[in-house]
Amino acid sequence: MDRQLTADEVTALVNTGCTAEDWNAVTVADGFDSGLASRTRFAGTVRVGARCRLVDASLVDVWLGNDCVVEHATIRHSVTSEPFGLRHPVHVLAEDGARQVPLYHRLSSQLAHLLCHLQHHPVAAKLLEMVDADIARLDASRSHIGDGCRVLNTSLVENVWLGQGTMVEGAVLIRNCYTPDSPTAPERILEGVRFEDGVALAGSLLDGGSRLQSCLVGEGVIVDPTFSAKHSLFFATSEFLLGEAACAMAGPFATSHHKATLVLTCQCSFNTFGSAANSSNHHFKLGARHGGVLRRGTRCGSGSYIFWPGDIGAFTTVVGKHLRHIETADFPFSLLLEKNGESVLVPGVNLFSAGMTRDRAKWPKRDRRAAITQPLDFVNPAICSPYTMQALEIGTRLLRRSHTLDADLRHNGAVIPAGRIAPAIQIYDTALIFYLGECLLRGVCRMKGETGIRAEDFLQVIDQAMADATLASGKWRDWGGMLLSGHDADLFHHDVLNGVLATPEAVQERFRAIHASYESRELAWAASRWRRDYGEEADEETVVAFLGKWRNAVRFRYDTLLRDVGKEFTREVMYGFGVEESAIASFRRVRGDPGAEELVLEAREERDILLGLVDGIM
């Protein structure tokens, strides 16, 4: 129960240098200890919790929870139309504000994706109504400092809601900001940071003099030395250091670690920006109104440049400067390079590379959200999936049509050299066979175990999975790092519009259910795709013939991978070794033998396991 200060408590506070505009406007919780406060100014309506330490502090219209520490800091409040920065519009993918996502204390990467890309759709209008109603439930009459918060050595903290456990230490300015309760993964806003009109979610870190305005810093996100950002959203374990972002929607697992890197008006996830990677959104006509999409897994090499608008296919590596608008969404796993002023696309070359294999293993290990009980963002780091396979199939059809012309293929601003078309078709065909076989065999293993697999088991799993074929149908989507079928996307839209999903909690639970269903949907899609190629009357002989192709695809995949690893052990990469002994001897001492590389050992083991699954059939 809160109560008024006693006369003895007021006297004790005055004796330690505390002042108040009106001591009657100061209430305290049971357990308040006046001996823990010194040289503190109280103004407006202030509530102080139990066991709070206040030293050289100024509190103006503040609700202070239990066990808080406020030292050498000013916390004040004024009523605004955007309480604690919530509802503040973030201009993503277009600096002119044509696309807006409001700051929200439960904003997930999935919800942000829909609000951005369905900007003028009735679904977005319904979702915004839910968001607004949820924000309206907050008490915006005072700044809120939750239990266990620490606010130390910070010049000004104004119009804030700091959830349980938040740490603010050494910051310059925190204004119009919100952090949720997260005692197991507290938010940290540290040395030299300026944070205005923003939300920082569980496990996030802002440090090193970073400057952020109109931004959301998501769960497990790190924004560190001198990074600056405006009107940007960062989700799920992204890392942004040293460079700059403007109007970006980044994450999950987006990474920028270098100076002179500008992440501008783009959506990205599972990607890397090299040093001095850049883009431009200005046509010098109607202003800075253009943006683009770097689909999951895109890497932007050092010094790379992209002219927006554009849409770069999943798991593409971008090298050089691209001065035309490019759309390569139908050619995933590619290399996009500059040659003689043209954008040259080499499809498929990243698919079985060592870098792709390493990425597949590293993302789950880098997830910093283990301490968060219920993460907001649902993240599926899959590389091969129905989402990428559908794009790959479209690309393959385009390549086949062009291959008969024996000429370069010009496609949406890029050139695919004639000599690269046949190899790309082979890689894409092999990838589809590899993926279908692996996916279906995983389904067999879940049902029968990993030994004694028979062709009839393969057909049985396909038949069972086909019962869910409708649920896996349609164009697959990537909603902020979560993969889902067209059917599930359409059902979500329908249920929002018809009131089945009417609260933020219901929407989040639907996202959770969609994410949890991925494995079964993926198997159903693979079964449906296999039936399309091999027919409803396919028998055990058909299975044996397919698995023969699949074994060849497995060997091709791992032979390609091991050759790619071998490039790290050629003489060209030995430069810099051999100052005191032979280059080879020095290199081997530092780098070891290629056959002992962890990636090589894991790849060989994985290859042997996969081939062993069908020994009984073959």
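The model is predicted.

Strand β11 (residues 150-162) runs parallel to β13 and is joined to it by six bridges. Within this pairing, R175 of β13 stands opposite E158. β13 also pairs with strand β15 (residues 194-200), again in the parallel sense, over five bridges. Here Y178 faces V199 of β15 as its opposite residue.

Strand β30 (residues 305-307) is connected to β27 by three bridges. The bridge partner of S279 in β30 is I306.

The aromatic residues come next. A search of the whole structure finds 23 aromatic pairs. One of them consists of F315 and F333: the ring centres lie 5.4 Å apart and the planes meet at 5°, so the pair is stacked. The angle falls under the 30 degrees below which planes count as stacked. This pair links distant parts of the chain, as F315 belongs to the loop between β31 (310-312) and β32 (317-318), F333 to the loop between β33 (321-322) and β34 (335-339), and the two are 18 residues apart. Both F315 and F333 are buried. They also belong to one aromatic cluster, together with F253, F270 and W363. Elsewhere, an aromatic ring meets a charged side chain: R557 lies over the face of Y558, at 4.5 Å from the ring centre.

The backbone itself has several features to examine. The peptide bond from G251 to P252 is cis, with omega near 0°, and P252 is placed in the loop between β22 (249-250) and β23 (255-256). Another cis peptide bond joins W308 and P309, with omega about 5°. P309 lies in the loop between β30 and β31, and β30 is the strand bridged to β27.

Positive phi values also occur in residues other than glycine. D67 has phi near 60° and sits in the loop between β6 (53-64) and β7 (69-76). With a relative accessible area of 37%, D67 is partly exposed. For T226, phi is likewise near 60°, and the residue is found in the loop between β18 (222-223) and β19 (228-234). T226 is partly exposed, its relative accessible area being 48%.

Conventions
Residues are numbered from 1 along each chain as its sequence is written. This is a predicted model: local features need pLDDT of at least 70, side-chain atom pairs count only at pLDDT 80 or more; totals for chains, interfaces and linings use all residues. Side-chain values use heavy atoms; hydrogens and water are left out. Two strands pair if DSSP finds at least two bridges between them. Helices (H or I, at least four residues) and strands (E, at least two) are DSSP runs, numbered from the N terminus. Rings of Phe, Tyr and Trp (its six-membered ring) pair if their centres lie within 6.5 Å; planes under 30 degrees apart count as stacked, over 60 as edge-to-face and the rest as tilted. Buried means under 20% relative accessible area, exposed over 50%, partly exposed in between (1.4 Å probe, protein chains only). A charge sits over a ring if NZ of Lys or CZ of Arg is within 6 Å of the ring centre and within 35 degrees of the ring normal.
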